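Subject: Structure handover

Hello,

The structure is pasted below. My notes on helices and strands follow it.

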Amino acid sequence: MNRLAFSWLEFTLLLPLIGAVGVASIKPPVRAARWSLGFILATLVGAAVTAVTFFSAPESASLRLGTFKADDLAAPMLPVLAILHLLTLLGTSKSRLSPMFCVRLLLSAGVTMAAVTCQIGSGLIFLMVLAALLPVWDLKSRGRRTRGFLFYVGPFIALLLVGWNFARGGSPVWALGLLLLAVILCGGMLPLHGWLPTLFQRAGFGTAMLYVLPLIEVVAALRLLLPHAPEWMLHATSIACLVTAVYSAGMAVVQNEARRFFAFLALSQTAMVMFAVMAHTATSVTAALCLWISMILSLTGLGFSLRALEYRFGPLSLREHHGYYEQVPGLAIGFLIAGLASVGFPGTIGFVPMELLISGSVQQGLGYSVTLALIAMLNGIAILRAYFSLFTGKRPTTSVSLQMTAPERTGIVIIALLVFLAGWFSPAVVASRHRVAEELLERRQVLPPSPPFSGGRH
Amino acid sequence: MPNHDQLLTTLGLLIVAAPVGLLATFFVAFLGQHRMQEPTIGRLIQGTIYVSLFAALGAGATMLVRGVPQHAIELGDWVIAPNYHLKFQFILDLLSVSYVMLTLVLCATIGAFSTRYLHRERGYNRFFVLFAIFLTGMVIAALSDTVETLFAGWEMVGLSSVLLIAFFQERPAPPRNGLRVWIVYRVCDAALMLAAILMHEINGEGDFDHLVGRQAWPEHDPLLIGSHFALLGVLFIIAAAGKSALIPFSGWLPRAMEGPTPSSAVFYGALSVHLGVFLLLRISPVLDSAPWLSWLLVMLGLTTAAFAYLAGRVQTDIKSALAFASLTQVGLIIAEIGFGLRYLALIHLLGHACLRTLQFVRAPSLLHDHHQLENAIGMPPRAEPAQWEQRLPIGVQRWLFRFSLERGYLDSILERTIARPFVALFCGFDRWECRWARWLEGPAQPAPTAAEIVTKRS
């Protein structure tokens, strides 16, 4: 091993953190944003090279950094997470930019990418706690109350730390139960989901997206719980996730505020991913891993369009028809294609994962498939209802131009390309995700159900 | 491979590739922010349809001359995973070639008509983009040989139809009606998706020939017996009923008339409304698996025909009257399929689609036509002779009139039994959640002043 070899993973993980430190000292918001954009773009390049290096030379030294490693699970997620952060930055208008927002964005990029690559349990726990504190910072900086969010985050951190401490020490099922509770609290599973729509309403839209969409809880479920949790626990959680997905899909249909609509849509998708993980069959875990990628990209696109609309027209109500299509047709198209991709419309990035998920669920029973088809149906209805509310109707008259800005145009082009062209890579992605799923499930067969985490490394 | 096989494969692929290429052109134009001129769009549309149509005619002629009853075009396996197999495959046979020719002839007619009809209309480009999605969806669905391929085309047709219903988006009614149609379409999409999954469970693949045998349509090899085939049949019937506006989903058809006349003609008079019929013709051997399925279809068809006849009698606008006249014929075609008269059903479908398209495109000039007729014969046309309804007791006549005027109360039944309880339930949940979130947040605090915000930002 050449110790002087350039480590792409090191570059990818450290660059946003260095950027956060650097940007914190810049006062003018636009300048801070420019620097942040540079750091995020460089991070995206690093993440893409890391992923390509992994698939061409999996044993390369450039894929390791201490306890962090770009393995089969993490390698494709790095560029996806970098794109999420890049689009969030591109979608933030100049009037809403602040140096501290840029710092939080860069920190979030570093923390989430470190979390997916982290190979030891305690590291992952630490990073999950760190990620949960970023929205609190955002709420504080906006002068909003944090009590509601802390009501959930406090128990989440406590459960995570206590559960991890006892599970590591060799304690049995109840410690795993605490960890599982922490994970489903983080994922917003019913009835512990109240923080999620509230966060979208109170915090910045971008900050909420950066906290919710990476789905770090899926990493925790895959690395910490799946190998050790008993069968009954996973089964019960999968049912809770399915109920959450149905509930939040129904809630998304009746929402009258765009942010709450987005929050419930994201919750429904998250719950489907978690259901697929907890179902722990090779097909369902493959579907979960594919859906994880497609969900991040498609919901990022949807959120991008909503944020751009909010900057122009203020808080968006879904009670009446606004007619924004005539003003910003590009955003309307972006909203529609990203929304349809999130519900698995054919030809988009979400099609194969949704098909895989619903087909894979037959192994659990036809009732599960019917429920998942129902969820896809409700989400599709919610998307088009929101589209009609926002983009049809009598067009507003304005004295200023509301056309898309250059960064917004770039963002929409990136979204459109990703949503359509990434679908063509489905075969390779599914094959690689299937390999990961089998490895994860093999680990579950090899390792004893308890005590878990001996040695702390996985 | 003999030469005519290669020729048929090339022609078959060309039929599909031309509309896909058209969509790709529109996509590239969108990415490049290029606004196409009306003549360019017209030429692109006509050119594409002619290429596809000549390829279809060539394929049909080759099959007739060479005596080829069917020809499968395999595009290979797209995704292969244990328990899941996604394959795209097309087939040229009597049913598919007839239907694709019908599609292309009618789309060519309507395309040429629309370039003049919508000249300088706001949304000209939007109309033709949606028209291209519809054309691609129809061609893919018509030639599909796997249920996934059919599903892809089916969804594209559904989406484009709904967006065209909402074409005049400044008025409130079109988007509202578009959403209603979308809801019905999503229900039938879910049924089709479940049918696809069941097919995978039965055969391990979604190929139709695994289900109906390798003989050319309408012959089939296997005798399909078993409860799972009956369930499959029911799911296909639900899917077809939604798409073809059969009872109890008939309420959407008059709502679909909100769209521009060319789209009403090609979608609800001719092609889209027959897509359900096409599906039932394609999977007709499944209907033979249980006699009660065929009887169910006969009852469904005849009931729909009777209902549509009655509803059509009281319509006061020509497009709605034509829509119900279409539905009457669709009901009869469905009954013919139930009776096992597959050739008759196909011929009925082709003839009816052509006639109805002509009637729809003449609909806007109905008054002009009547004036011409009056001028030609020198007096008003003869009054309509007494109908059988007038021989009924007056009470029954009134009831029938009310029943027809209210369109069989189908919409209100669905609204009262499904939509309202659903909305009330989830709105109740939403109110409860908002109260809970407010309670957690504590008493409302005054909004920060602008000075405070600036201080915090800095």
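Two strands pair if DSSP finds at least two bridges between them. Helices (H or I, at least four residues) and strands (E, at least two) are DSSP runs, numbered from the N terminus. The model is predicted: local features need pLDDT of at least 70, side-chain atom pairs count only at pLDDT 80 or more, and totals for chains, interfaces and linings use all residues. Residues are numbered from 1 along each chain as its sequence is written, chains are lettered from A and ligands numbered from 1 in the order in which they are written, and side-chain values use heavy atoms, with hydrogens and water left out.

Strands, chain B. Strand E1 (residues 70–81) of chain B runs antiparallel to E2(B), and nine bridges join them. B:Gln70 has B:Asp93 in E2(B) as its bridge partner. Strand E2 (residues 84–93) of chain B is largely enclosed by the rest of the structure, because nine of its ten residues are buried (under 20% relative accessible area, 1.4 Å probe, protein chains only).

Helices, chain B. Helix H5 (residues 147–165) and helix H8 (residues 227–243) of chain B pack at an angle of about 25°, with axes 12 Å apart (axes are lines fitted to C-alpha atoms over the stretch in contact, and angles run from 0 to 180 degrees between N-to-C directions). H5(B) and H8(B) are therefore roughly parallel, a term for angles under 35 degrees. In the contact (heavy atoms within 4.5 Å), B:Trp154, B:Val157 and B:Gly158 of H5(B) meet B:Ala239, B:Ala240 and B:Lys243 of H8(B).

Helix, chain A. In helix H9 (residues 205–212) of chain A, eight of eight residues are buried, including A:Phe205 and A:Tyr211.

Regards

Notes. Buried < 20%, exposed > 50% of the residue type's maximum accessible area, 1.4 Å probe, protein only. Parallel < 35°, antiparallel > 145°, perpendicular 65-115°, else oblique.
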